[in-house]
Amino acid sequence: MKTPLFRDPIFDGAADPVVIWNRQAREWWMIYTSRRATAEGPGVAWVHGTDLGVASSKDGGKHWVYRGTLPGLDREWGRNTFWAPEIRWHEGRYHMYVSYIQGVPDQWAGHPRHILHYTSPDMLHWTYHSRLPLSSDRVIDACIHPMPDGRFRMWYKDEAHGSVTYAADSTNLYDWQVVGPVLTHRNHEGPNVFRFKGFYWMIVDEWRGQGVFRSNDLEHWERNGLILNKPGSRTDDGTIGLHADVVVQDEEAYIFYFTHPERKEHGEPVNSYATRRSSIQAARLDVVDGILVCDRDEAFELSLHPEESGVQE
């Protein structure tokens, strides 16, 4: 398989990928935060002012081509910030929940962050619905999965309450009620929930690899280990795996994540294009003796097949 799987040819800062089958175009789309790794500017301005980049694949994910950025998302004038989309297909339309910041701040903290809800019939024409009323005005990184009783649950990072995972519930994907904190073991972000080999799984970005939690009911979670914490040997894969998405098909599960290939360790000064740039990678997941495992050096052929019916799992 090609490694890295994808690099953004405009700003070289692809991050926070979500991988989804486009039913209208009949191809796989990767939609991601297009960080501006090549941009000049003060502080961390390069992580703001970001659009949502789009890459597509006609061969099941083996090769990806950059297509541009998602149009029609602006709600106010000027250059603003879109991060970390979550996209679900349900009852004939795509629902997107995206982190939004007004303008282009040059600091990490001190400004509101909200999750916005859009819908689209084709992932190109988007209708804005609302700014979700969640547990604070410092929320990012939405993830959604249907509950066993038919509700939908959203997990997200609440930076105002310790940068941990909170949850909210909905019966229709439009109206949400906050449930409260879910994972509070340490600071983290980027929750992603999926079902694989008889269990529900949640991975979270702990900035030392992906923390793994397991559940039978999506309500109670137990620690299950850490993946993508040890360097891989593939091109651009020698550092920890960051903010990930998982696609499950039949008995296979694939994790899509990004790396900062030229950073020696998380938290080091980021003051150059080399330390800012990022690459998207993919690896295969498995469950061994009830533990979620990932050998990022394993040779495998990525071969995603079309997904045509039902709520995307």
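Two strands are said to pair if DSSP finds at least two bridges between them. Strands (E, at least two residues) and helices (H or I, at least four residues) are DSSP runs, numbered from the N terminus. The model on display is predicted: local features need pLDDT of at least 70 and side-chain atom pairs count only at pLDDT 80 or more, while totals for chains, interfaces and linings use all residues. Residues are numbered from 1 along each chain as its sequence is written, and side-chain values use heavy atoms, with hydrogens and water left out.

**First stop: a hairpin**

Select residues 189–196, which make up strand E13, and then residues 199–205, strand E14. The two strands run antiparallel and are joined by 6 bridges. Within this pair, Arg195 stands opposite Tyr200 of E14. E13 and E14 form a hairpin with 2 residues between them, and Lys197 in the turn has a positive phi of about 50°. Buried means under 20% relative accessible area, exposed over 50%, and partly exposed in between, with a 1.4 Å probe and protein chains only. Because 7 of its 8 residues are buried, E13 is largely enclosed by the rest of the structure.

Strands of a sheet pair through backbone hydrogen bonds, either parallel or antiparallel. Next, display the open sheet of 4 strands, whose order is E1-E2-E3-E4 and whose pairing is antiparallel. Strands E1 (14–22) and E4 (65–69) stand at the edges with a single partner strand each, so one side of each is left without a neighbour in the sheet. From one strand to the next, the twist averages 25°; axes are lines fitted to C-alpha atoms, and angles run from 0 to 180 degrees between N-to-C directions.

Inside this sheet, select E2 (residues 27–34) and E3 (residues 52–57), an antiparallel pair with 6 bridges. Ile31 has Val54 in E3 as its bridge partner.

**Last stop: Ser272**

Finally, select Ser272, in the loop between strand E18 (252–259) and helix H1 (273–276). Ser272 counts as partly exposed, at 25% relative accessibility.
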